[in-house]
Each structure stands twice: as C-alpha cells, then as structure tokens.
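Me: I have a structure to go through with you. I will ask what lies behind each label, and I want the value set against its cut-off.

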Amino acid sequence: MSEPKSPTPTPGDTYKGWLFKWTNYIKGYQRRWFVLSNGLLSYYRTQAEMGHTCRGTINLATANIAVEDSCNFVISNGGAQTYHLKASSEVERQRWITALELAKAKAVQMQAESDDSGDDFPAVSPNSGQGGECRNTEIQSTLRTLNSKVEDLATCNDLIVKHGSALQRSLSELEGLRVAVDMGEKVKQVTERATLFRITSNAMINACRDFLSMAQSHSKRWQKALQTEREQRIRLEETLEQLAKQHNHLERAFRGATVLPPSFSNPALGNKGGVSGKADASDEDDDNEFFDAMEEPAEFITVPADPKYHRRSGSNISGISSETGTDDQSFDELSLASNPESPQPLELEPVRQRRTRIPDKPNYYLNLWSIMKNCIGKELSKIPMPVNFNEPLSMLQRLSEDLEYYELLDKAAKSHSSLEQMCYVAAFTVSSYSTTVHRTGKPFNPLLGETFELDRHRECGYRSLCEQVSHHPPAAAHHAFSEKGWTLRQEITLASKFRGKYLSIMPLGSIQCIFEKSNNHYSWKKVTTTVHNIIVGKLWIDQSGEIDVVNHKTGDRCHLKFAPYSYFSRDVPRKVTGVVTDKDGKAHYVLSGTWDEKMEFSKIMQSSKGENGTEGKQRTVYQTLKAKEIWRKNPLPEGAENMYYFSSLALTLNEPEEGVAPTDSRRRPDQRLMEEGHWDEANAEKQRLEEKQRSTRREREREAVKAASSPEEGRTTESEIVFSMGLIFLFCFVCICLIFLSDVVSIHLLSIFVGLGVSCLSFSTPSSLNAKLSLRLRSMTRL
C-alpha cells in the first residue's frame, strides 16, 4: 500500500506539510510534520501531536535559509538551532523555500513595526526542553494577535467618534434649513455620513466579536494549563514531604553511619601493594571493554557525631591545640595557628603581569571519526593527529598544571600532624584533575629532549622543570621544589587504548612528594582518564579508579576512590571519597567531594561494626564531626569556552619569556602557530618536526648498531693475525714432512689433514674469520 501524499501547501499565513529532518548519524533523516505560521516554523512527529506536543520551533525573523542541493535546505538562527531538511522533490522544496522567504519577510516587518511602536510584550522566560519553548512561542503569538485586535478596536473607536461627530453636525444643519432647494443636497450628505458610521460600527462590532472569541478560547486553555501547574506543584510538595520523612527515618536508623570496605579495617593491607595497581592491571586488559558502570552501595555516609564530641578540647581534633571549641575553626586556621614559624607579612616586590587571554579558538570543522576509525587498537602516541584535535599546550605544560593548587602543599608543609598533612596531600592529588572536566583537546606530544621550565619563585615560591626523556614509549620527568619546604617529582609515561566508542589513557609511573621539615615522604599514582563519545555525540571526560597515597615514613595511608559516571547512579557525578588511616589501620579522617569542584574532610570520633553489606561482608561504621572544606576549584576566566577552557594558570604557560632554554616548549613553532589561529601552517610545521624527529631517531639507531659492532671487528682482526701465523707454520711443517712422499696415499693424507684443520678452527674462531681461513686452506690444498 503506497504512502499517502502530504497535502500541497499554499504559500500564505499558514503552511503545512511533510518534510524529512536530520536527527543523528544513527537514525539519519526522519519524516516530520512541519507547520509554518506567524513567522514561526514548528514541527511534530505526526499531525495528531499538533494539539499537545511540539518538538521544536524556530523564529524565521532571525533565521538564515540556505539551499544545499535539489532537495535539501538548511534553516539556522545563528548556531543555537539548525534544521537540516529534505523535501521529497525539487518542486516541493521550491514551494517551501518560497513560503519560508515570504514568512520571514513578514516576520521581519512585524518585528520592526512592534519595535517602533514600543508596545512589545516582554518575552516569557524559556522553559527547559523543546515543549516549553513551543509553548512560550505560542503564548507570544497569541499575545501579539490580541494586541493587534486591541489596536483595531482603538482605530474603529476613533473612526466612530469622528463619523459620529460629523453625523451630528449634519443633523443639526438639517434641522436649521428652511429652503426646500437645499434640502436634497443636505439629506444626501447626511445619508453618506450615516453609511460611513454604520460601516465603521459594523467593523468595530466584528473586531470585538473576534477579540472576545479569541480571548475566551485562550482563556480556557490558560485556565487548564494553570490548573495543571497547580496539580503538579501539589504532587511535588507531596513527593518532597515523603522524601523528607524517608530521610528522617533513614537518619534515625543509620545515625552516624560511615560505611567502609572491609579492606580499611584490615591493618595488614597497608603493608601490601595498593589497590591502584589492581586498577591499572584491569585497565590494561586487552579484552576489557567499557560499559556503563552500575550503581554501587555507598562506601560511607557522614553525619554529625554525638554532641559530646563537640565539647572536647581541640587536641582531640588537631592533636596540637588545647583550646576548646576548635571544631568550629577551619582546618587551615588550626594548622597555621599551630605553627609558630608562620611567616609574617612582608612587602612584596612587584612581579610580572601575566597575560589573561589568548586568541580565540577558530571554528574549524573536522570529522574525528574519519581519522580515528583506522587507529582502533593502536597506541595514542603512534596516531598522527592534526592540530584540530589539539590544544596549544605541550604534555610537559599539562604536567606543570598540576601545581595550580600549590597552596595545598604549602599548608601541608606547615602542618605538624602527619595525618593532617596527609589530608592536604590527598586534596592536592584530587585537585590536579579539576582542569580536565572540559579539556577535550589533546596536548602536543613533546619532542625528545624538549623541556619546559616554570619559574614562579617570586609569585608563588616554587620552580618547576619538565623534560621529555623518551620518545617511544613517551616518558617525561618532572621536578618541582618550593621555598616553603616541599619537593615534588614524577616520572610519567602513558599507555592508551582506543576502542572506537571511547579512549582510555592510563598514566604509568609514580609521583613523589617530600617535606623537608618533617622528612615525610609521600607517593601515589594517577587514575585512568576516559574520553567518551568518540564516534557520535559531544566529547566528555571521566576519571575513574583508585589511588593510594602512602606516607613511607609513618605508614599513614589515604585510599581515594574516583567513582565512574553511571546513568543509573543517584550519587553526585564525578564523586571522590577517601579515608585517612594510620599504620595500624585505624581511620582518622574521611574525605569526600568531587574532582571538578571541591573536597571536604571530617574528623572521625568513633567507630563500630555495622550490619552486613549487600555482598554479605561486615562493614565498619564511623561517627564524624561536621565536614570542613579543604579545597575548592578556582573559577575559570571570562570567555574560557573560546580559549580551550584554559584556567588562569594554563593561559600563562605558553606565554613567551626571555631567557628560557632553546628546547623549551614555548619555542615550538607548530604550537605557537596553533595558538595564533594559523592551523594550516601549524599542521604543516607539526608534520615537518615529526618527520625530522623520525629521521634523527633512525640515524641514532644506525650509529648505535655501528658503535656496538666496531669493537668486535677490532677483536676479529687481531685474532685473524694470530691464527693466520699459526696456520702458516703448521702447514709448512706438514708440507716438509710429506715432501719425501710422492705416492697417492700421501696426497690423500694431506687433504685429510687440511680438512681436520678447518674443522678444528671453526670451533675456536669467530664466524667472520672462519670463512677467511677456510678459503685460504682450500686454496693451499689446490696448490
């Protein structure tokens, strides 16, 4: 059965018909019912949806209409909305184009007239979703129509007053006439004015009827919508009341619950390898494929502890202060107050003003899948990528970005308690991921021997140096030290896997942090970074895995868990939880927050054994004090979305500076060209540098092989001389002995002797010498 044809619309105020609209790469073009009315183009899945569900609306007054080919055309209003449409034939496409152009011209004219009159109604704030947008545009259209009707009524009222006054004057003049000759002309004039009055009155009556009918019809709809909103509000209030009751019930049932995995209650775990090693091993499994993470039971819940703990002295909280009420002080105040050597404020020398902007990112379109589809299963470092997918920073500069929240290490250096210091170090570990939430661009792969020096001694008190020490596999070394008494170093190499739908990046290597005053030595590893929606959709980044921060001097440990994002989880996205324990496995602090916003800590006051978990394992319950904020992400600079979402520190990393090394990342020409917006030149320069590095690497490999083989050849030459002399003396002696024998037996004996000599020499001489000696013996035999 053939599909019914869509009605052929006629250009005018209302235009309806079927069109094919582009949805996505999976479904392609889908058939939709489009309605053009009052300068607005709306679409629905079916004609039956016109009364209740609008899928989307675009205002033609600010839209651009472009024709792609015989059947396709595009409608866009500047980037916020874009419709890729396709008609069934070229004739139908031309009809739609004509109707859209006429509607656009009329909408622009109406908008100009309304702007001139100054009677525009304030726009209704748009609701979320296309249904709310369609409803708002419908209300605005109705208000404009009612406004025009009111204007018509005002015009008719003016005409009625005018014609009524003229008619009254004519009647007065008619009454004053006495001459019969003028009677006919005056009656004719009165009749004309009465006719005009009647026509004007009828127009006003019709306008009033239309206005009243429209107001009544829309009043019913608005009353119905208002009643629906009231019912929804009542339902929401009831739902909130139920949730409040459930929350109160759960809080009473699990008062003070802080549930932890049993691994933290086992002291022996601190002496073994961290859990992060298991996570790395599982991430590196070739047969692993990423699936959406299922919701897991919460590791712990922090609620206020018993009020008696709040009356304890401050020594129970920080281990240093003996004043009461210290639980209401911030964590920073405790550490600073406990340090008698806190520096007094000094006059600061004028420092260099760093830049706060870089050129905006050009809007160049490039299909990522067209490049990545041939790279499935390969290492990310071996995939040739254009700069369109990069950001104008090197990987060495990205490593230096870990120091953005160096203040946490400064505060940790001032802390006298190793457990408090552990909290600061753990917060610093989490803070290094805060800049990655929107940073989907790939940093430049450093060239072998490339360096990056970050000198912030005058502003921040630290200096940092990174160097690329290996090309394949890529590996970098980073060293930073501060005058506040801490040193940070890390050796990082990356292992990556591209599986089509997502890209996993597994950092290998460890990070070390040493504090001079306490001589505490901390180490930890990084978690796995996953880039999603490689094929279809908007790229987004997630961090998942576990980190063990270990104090090698005291045995303290902080176990951090980065929860992977899940559609089914009711937890906060990008959640991070952790517990600080001492060498005996006793928990002292709880850390919680998100890796893209903030982290908080809570002091544990009491622990007890709780009920069995979902897997039948007994869990530990902790009572904690009120949570305190230990770290919060700095806001991004204004216009960051046009500057690769760089932070304030990242904007300054590639700023040209005097006196840096010739190998510094700031001097890379391809990276500089990309930052300035010259992407074509940057791609060409990047390809030139990479090819030069490959040729240099091949030359080094040849030189290494040559250098390794040269000593062996020298030893072969010396051995050849010794064996050649011995062979000559031996051969001469045998020939002298056999010179007196002239029969056939002597000749056979001579040939056998030469063969035995060659065999014996083959066991004791190098292969290159064997060939030479064999040739000499055979030539001597023939002689």
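**Labels and the values behind them**

Reply: The buried residues of α9 pack against α10, β12 (475-482), β13 (486-498), β15 (511-515) and β24 (628-632). This is a predicted model.

Me: Which residues of helix α9 are the buried ones?

Reply: In α9 (residues 407-414) they are Leu408, Leu409, Asp410, Ala412 and Ala413.

Me: How many residues has the largest nonpolar core, and which have the most contacts inside it?

Reply: The largest core has 64 residues. Those with the most contacts inside it are Trp486, Leu488, Phe515, Trp524, Val549, Leu560 and Phe562. Helix α10 (residues 418-431) gives the most to this core, with nine residues. Another core lies apart from it, of 20 residues, among them Tyr15, Leu41, Ile75 and Ala103. As background, nonpolar side chains in soluble globular proteins tend to be buried together.

Me: What is Trp524 in contact with, once its neighbours within four places in sequence are left aside?

Reply: The partners of Trp524 are Val425, Phe428, Thr429, Leu488, Ser510, Ile511, Cys513, Ile547, Asp548 and Val549. Each has heavy atoms within 4.5 Å of Trp524.

Me: Is His588 buried or exposed, and how do you know?

Reply: The relative accessibility of His588 is 14%. Buried means under 20%, so His588 counts as buried. His588 lies in strand β21 (residues 587-594). Beyond four places in sequence, its contacts are Leu419, Val580, Asp582, Ser602, Lys603 and Ile604.

Me: Why is His678 called partly exposed?

Reply: The relative accessible area of His678 is 36%. His678 is found in the loop between α12 (669-675) and α13 (679-738). In sequence, His678 and Pro362 are 316 residues apart. In space they are 8.9 Å apart, C-alpha to C-alpha.

Me: What makes the pair Arg398 and Glu401 a salt bridge?

Reply: Their side chains meet at 3.7 Å, N to O. The cut-off is within 4 Å, so the pair qualifies. Arg398 has 15% relative accessibility and counts as buried. Glu401 is buried too, with a relative accessible area of 4%.

Me: Why are Lys686 and Glu690 separated by about one helical turn?

Reply: They are four residues apart in helix α13, which means about one turn. An α-helix has 3.6 residues a turn, so residues three or four places apart point the same way. The closest N and O atoms of Lys686 and Glu690 are 2.7 Å apart. That is within 4 Å, so this pair is a salt bridge. Lys686 is buried, with a relative accessible area of 8%.

Me: How do you know that Glu699 forms a salt bridge with Arg702?

Reply: The closest N and O atoms of Glu699 and Arg702 are 2.4 Å apart. With the cut-off at 4 Å, the pair therefore passes. Being three residues apart in α13, the two are separated by about one helical turn. Glu699 is partly exposed, at 33% relative accessible area.

Me: How many salt bridges does the whole structure hold?

Reply: A search finds 31. Arg354, Glu459, Glu657, Asp664 and Arg666 are linked in a network of salt bridges.

Me: Which residues form the nonpolar patch on the surface?

Reply: They are Tyr25, Ile26, Ile535 and Val536, with about 440 Å² of accessible area together. Val536 has a relative accessible area of 33%. Val536 is found in the loop between β17 (528-532) and β18 (540-551).

Me: Where does pLDDT stay under 50?

Reply: One such stretch is residues 1-12, for which the model has 14 contacts beyond four places in sequence. Over residues 117-131 the pLDDT is also below 50, with 21 contacts beyond near neighbours in sequence. Where pLDDT is low, the predicted coordinates should not be read in detail. For the protein chain, the mean pLDDT is 75, and 68% of the residues reach 70 or more.

Me: What are the totals for the chain?

Reply: The secondary structure comes to 15 helices and 24 strands. Of the 783 residues, 38% count as buried.

Definitions and conventions: Residues numbered from 1 in each chain as written. Predicted model: local features only at pLDDT ≥ 70, side-chain atom pairs only at ≥ 80, totals over all residues. Heavy atoms only, no water. Core = buried A, V, L, I, M, F, W, Y, C linked by side-chain atoms within 4.5 Å. Buried < 20%, exposed > 50% of the residue type's maximum accessible area, 1.4 Å probe, protein only. pLDDT = per-residue confidence, 0-100. Patch = residues over 30% accessible without salt bridge, like charges linked within 9 Å, V, L, I, M, F, W, Y side chains within 5 Å. Areas by Shrake-Rupley, 256 points an atom, 1.4 Å probe, with all protein chains shown as cover.
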